[in-house]
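Let's take a friendly walk through a protein model together. Please have your viewer ready, and we'll work through it by question and answer.

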Amino acid sequence: MMDRNEKDESRLERAKKAKWYVVHTYSGHENKVKANIEKMVENRGMKDDIFEVIVPTEEYIETKSGKKKVKERKMFPGYVILKMIINDESWYLVRNTRGVTGFVGPGSKPVPLSDSEVKALGVQETISPNIDLEEGDSVKVISGPFENFMGTVDNINLEKKKVKVFVSMFGRETLVELDFEQIEKL
């Protein structure tokens, strides 16, 4: 039986071998497709084959009646980007997700993005960082709306690079979700 560290190590090794692929979807269904694939990966225990699903977005400023508003739009409407290892099972799962019309590539053979294409897309390599945190640790929030708040780690999600922290606000403990970069261990 593998211990947890060995399991994480083999997952990291597999993540290094995984490549980025592009999937074509019905326009407007990108976020649904992303959610459906993530749910199926979770349900079928395929975290070691499909590592990440991304809908690339960009922020822009819209000026309406003299007011500036920051909005977000999809960079590539109709496309979802996945970091995965292609095998029969992972290909079938993605290909048969509702809203997916197919992989980008000739015929039914998915073609991975080159390293330069991945860089140009701004998709960061997201191999789980070695974060020196455990549940119950005390942390300080160093950026964002909760900057300078102290808190206690409740939950760590390596896949999403998120930490749930109880911070004391107005005399009450409130659970907030933060990125790894927003906190530092005390």
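What follows is a set of questions and answers about this predicted model.

Q: How many helices and strands does the secondary structure of the protein chain come to?
A: Let's start with the overall make-up. Of the 186 residues in the protein chain, buried residues make up 30%. The secondary structure of this chain comes to four helices and eleven strands.

Q: What share of the contacts in the protein chain with a separation of 6 or more comes from residues 24 or more positions apart?
A: Here the count is limited to contacts with a separation of 6 or more. Within that set, residues 24 or more positions apart account for 57%.

Q: Which strands stand at the edges of the open sheet of four strands?
A: The order of this open sheet is E2-E5-E1-E6, with antiparallel pairing. Each edge strand has a single partner strand, so one side of it is left without a neighbour in the sheet. From one strand to the next, the twist averages 30 degrees. The strands at the edges are E2 and E6.

Q: Which residue in E6 is the bridge partner of His 24?
A: E1 and E6 pair over three bridges, in the antiparallel sense. For His 24, the bridge partner in E6 is Gly 102.

Q: Why do the buried residues of H3 line one face of the helix?
A: Helix H3 covers residues 88-95, and its buried residues are Ser 90, Leu 93 and Val 94. Seen down the axis of H3, these buried residues line one face because they fall within an arc of 90 degrees.

Q: Which exposed residues does H3 carry on the face turned away from its buried side?
A: The buried residues of H3 pack against helix H2 and strands E1, E2, E5 and E6. Exposed here stands for over 50% relative accessible area. On the face turned away from the buried side, H3 carries Asp 88 and Tyr 92.

Q: Which residue caps the N-terminal end of H3?
A: Look for a side-chain oxygen that lies 3.2 Å from the backbone nitrogen of Glu 89. That oxygen belongs to the capping residue, Asn 87.

Q: At about what angle does H3 run to E6?
A: H2 lies across E1, E2, E5 and E6, and runs at about 165 degrees to E2. H3 also lies across E1, E2, E5 and E6. Its angle to E6 is about 145 degrees.

Note on methods:
Residues numbered from 1 in each chain as written. Predicted model: local features only at pLDDT ≥ 70, side-chain atom pairs only at ≥ 80, totals over all residues. Heavy atoms only, no water. Buried < 20%, exposed > 50% of the residue type's maximum accessible area, 1.4 Å probe, protein only. Helix = DSSP H or I, 4+ residues; strand = E, 2+ residues; numbered from the N terminus. Arc of directions from axis to C-beta. Contact = heavy atoms within 4.5 Å. Polar contact = N/O pair within 3.5 Å; in protein donor to acceptor, adjacent residues only side chain to side chain. Pairing = 2+ DSSP bridges. Axes fitted to C-alpha atoms, helices over the stretch in contact; angles between N-to-C directions.
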